[in-house]
Amino acid sequence: MRTPLIAGNFKMFKTAAETADYVLALRGLIAGRHGVEVMIAPPFTSLQSAAQAAAGSAIAVGAQNIHWEREGAFTGEVSAGMVREAGARFVIVGHSERRTLFGETDDSVNKKVNAAIAAGMTPVVCVGETLEQRDRNETLAVLDRQIKEGLDGATGEQLAAMVLAYEPVWAIGTGRNATPAQAGEAHFHIRQRLKQWFGLESSDRCRILYGGSVKPDNISKLIAHPDVDGALVGGASLDPKAFFAIIQGARTT
């Protein structure tokens with residue numbers, strides 16, 4: 001059975017001091033509770049403070065992005081080794097905002113996935129369609145392309161240790177969210193493709209999160225679907241009490 005993962009993406013919010021205060025508050029809320037894994041992804045500048053504040057707790061730390069090269073003349077970029085040294089064990093790859101605002105492609109996603117794996121990190125690989133693509137009934141074809149090209153070259157063993165996140169782009173930061181039926185359909189399709197391309201055992205071990213305006217009042221319905229293994233939470237993760245309510249709603253034990 002896959003353990004649910006609730007991941008908080010802080011985006012460009014919280015200083016190092018604010019992040020440390022947040023982690024201390026959150027670890028007090030989740031202390032002694034089991035059945036859900038928790039990860040937060042603060043800005044690069046807050047990774048070390050987050051990791052220090054989370055030390056000895058059940059809170060894992062992730063980065064929001066990496067460059068695929070180990071080092072080089074890439075002004076403003078950071079490598080997998082750098083964020084790992086700062087305390088990150090997960091890294092979000094191919095978030096829709098990276099794709100739409102910064103020109104991320106399936107090819108660059110694939111390179112970053114490989115870099116994360118090489119550095120001993122767990123990539124959280126984001127896939128999902130825009131509103132225009134959904135309106136053209138292209139959702140499943142878009143997911144197929146993003147999975148096939150983004151995970152090109154990965155082995156079944158590597159897939160089993162990965163996390164995927166289905167994020168309908170039209171639901172991110174809009175207050176809209178996919179219905180449980182829409183989320184379930186997409187997650188089921190992703191799982192079937194993973195079985196087809198990587199094998200039954202690996203696909204059954206890979207966790208698939210839902211991301212798109214996740215709130216305390218919709219998490220339980222979303223995660224009730226057997227192929228939804230948690231959530232990638234944006235705005236609602238910025239308040240530790242709201243984030244804790246989502247964690248509580250995802251508990252299956």
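Trainee: Why does phenylalanine 10 count as buried?

Mentor: Its relative accessibility is 0%. Buried means under 20% relative accessible area, exposed means over 50%, and partly exposed is what lies in between (1.4 Å probe, protein chains only). Phenylalanine 10 at 0% is under 20%, so the word buried applies. Before we go on, a note on the ground rules. This is a predicted model, in which local features need pLDDT of at least 70 and side-chain atom pairs count only at pLDDT 80 or more, while totals for chains, interfaces and linings use all residues. Residues are numbered from 1 along each chain as its sequence is written, and side-chain values use heavy atoms, with hydrogens and water left out.

Trainee: What makes the pair of phenylalanine 10 and tyrosine 22 edge-to-face?

Mentor: A pair of aromatic rings is described by the distance of the centres and the angle of the planes. Rings of Phe, Tyr and Trp (its six-membered ring) pair if their centres lie within 6.5 Å; planes under 30 degrees apart are stacked, over 60 edge-to-face, and the rest tilted. The whole structure has two aromatic pairs. For phenylalanine 10 and tyrosine 22, the centres are 4.8 Å apart and the planes stand at 75 degrees, so the pair is edge-to-face. Phenylalanine 10 lies in the loop between β1 and α1 and tyrosine 22 in helix α1, 12 residues apart. Tyrosine 22 counts as buried, at 3% relative accessibility.

Trainee: And why is the pair of tyrosine 166 and tyrosine 210 called tilted?

Mentor: Here the centres are 6.3 Å apart and the planes stand at 50 degrees, so the pair is tilted. The two tyrosines are 44 residues apart, tyrosine 166 in strand β6 (residues 163-166) and tyrosine 210 in strand β7 (residues 207-210). Strands (E, at least two residues) and helices (H or I, at least four) are DSSP runs, numbered from the N terminus. Both tyrosine 166 and tyrosine 210 are buried.

Trainee: How do you know that the charged end of lysine 148 sits over the ring of tryptophan 197?

Mentor: A charge sits over a ring if NZ of Lys or CZ of Arg is within 6 Å of the ring centre and within 35 degrees of the ring normal. The charged end of lysine 148 is 4.5 Å from the centre of the tryptophan 197 ring. Phenylalanine 10 comes back here too: lysine 14 lies over its face, 6.0 Å from the ring centre.

Trainee: What makes aspartate 106 and arginine 145 a salt bridge?

Mentor: The definition asks for a side-chain nitrogen of Lys or Arg within 4 Å of a carboxyl oxygen of Asp or Glu. Their closest N and O atoms are 2.9 Å apart, so the pair qualifies. The partners are 39 residues apart, with aspartate 106 in helix α5 (residues 106-118) and arginine 145 in helix α7 (residues 139-150). Aspartate 106 is buried at 8% relative accessible area, whereas arginine 145, at 35%, counts as partly exposed. In total the structure holds 14 salt bridges. Among them is lysine 112 with glutamate 104, at 2.8 Å from N to O, and both of these residues are buried.

Trainee: Which parts does the pair of aspartate 229 and arginine 191 tie together?

Mentor: First the bridge: the closest N and O atoms of aspartate 229 and arginine 191 are 2.7 Å apart. Aspartate 229 lies in the loop between α11 and β8 and arginine 191 in helix α9 (residues 180-198), so the pair ties together parts 38 residues apart in sequence. Both residues are buried, and salt bridges with shared partners join Arg2, Arg191, Asp227 and Asp229 into one network.

Trainee: How do you know that the buried residues of α12 line one face of the helix?

Mentor: Those residues are Pro240, Phe243, Phe244, Ile246 and Ile247. Seen down the axis of α12, they fall within an arc of 155 degrees, so they line one face. The arc is that of the directions from the helix axis to the C-beta atoms. Elements covering these residues include β1 (5-9), β2 (37-41) and β8 (230-233), where contact means heavy atoms within 4.5 Å.

Trainee: What makes helix α2 mostly covered?

Mentor: Six of the eight residues of α2 (residues 47-54) are buried. They are Leu47, Ser49, Ala50, Ala51, Ala53 and Ala54, and they pack against α1, β2, β3 (59-63) and α3 (80-85). After α2 comes glycine 56, with a positive phi near 80 degrees.
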